[in-house]
Amino acid sequence: QVQVVESGGGLVQSGGSLRLSCAASGSIFSINAMGWYREAPGKQRELVAVISSGGSTNYEDSVKGRFTISRDNAQNEVYLQMNSLKPEDTAVYFCNADVKFQYSGPTFRFWGQGTQVTVSS
């Protein structure tokens with residue numbers, strides 16, 4: 001059993017900053033990629049940022065230069081620092097973790113329940 005729990009969402013004014021955190025726990029051997037997605041009302045869930053176990057990152061175009069993803073492999077945690085927030089960043093933000101339970105086994109993706117980020121204009 002693996003649990004993925006996000007925290008750090010909230011209400012912020014346009015131009016402000018928030019830092020999201022996400023922790024994965026359970027019988028985890030290792031975690032490959034960890035990522036942040038968001039889902040705005042009436043829109044499909046979209047990738048925001050992803051980071052590999054080695055630290056390689058990839059960002060959705062609209063957040064490049066404003067958001068930074070990082071991770072702590074020892075703690076199985078991933079973070080999303082969000083600066084210069086805009087009203088269009090308002091969404092529920094979800095974290096995921098691609099988990100392996102043994103060295104040679106398959107990878108399974110687990111999702112958190114999401115945390116609300118609201119940016120007021």
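I looked at strand E9 (residues 91–100) and found nine of its ten residues buried, so E9 is largely enclosed by the rest of the structure. I call a residue buried under 20% relative accessible area, exposed over 50% and partly exposed in between, with a 1.4 Å probe and protein chains only. Strands (E, at least two residues) and helices (H or I, at least four) are DSSP runs, numbered from the N terminus.

The model is predicted: local features need pLDDT of at least 70, side-chain atom pairs count only at pLDDT 80 or more, and totals for chains, interfaces and linings use all residues. Residues are numbered from 1 along each chain as its sequence is written, and side-chain values use heavy atoms, without hydrogens or water.

Next I checked the partners of E9. I count two strands as paired if DSSP finds at least two bridges between them.

- Strand E4 (residues 30–39) runs antiparallel to E9, with eight bridges. Tryptophan 36 has cysteine 95 as its bridge partner in E9.
- Strand E10 (residues 107–111) is antiparallel to E9 too, over five bridges. Asparagine 96 faces tryptophan 111 in E10. A hairpin of six residues links E9 to E10.
- Strand E11 (residues 115–120) pairs antiparallel with E9 through three bridges. Here valine 92 stands opposite glutamine 116.

Then I looked for disulfides, meaning cysteine sulfur atoms within 2.5 Å. I found one. Cysteine 22 and cysteine 95 form it, with sulfur atoms 2.0 Å apart. Cysteine 22 lies in strand E3 (residues 18–26) and cysteine 95 in E9, so the pair ties together parts 73 residues apart in sequence. The S-S torsion is about -75 degrees, so this disulfide is left-handed. Both cysteines are buried.
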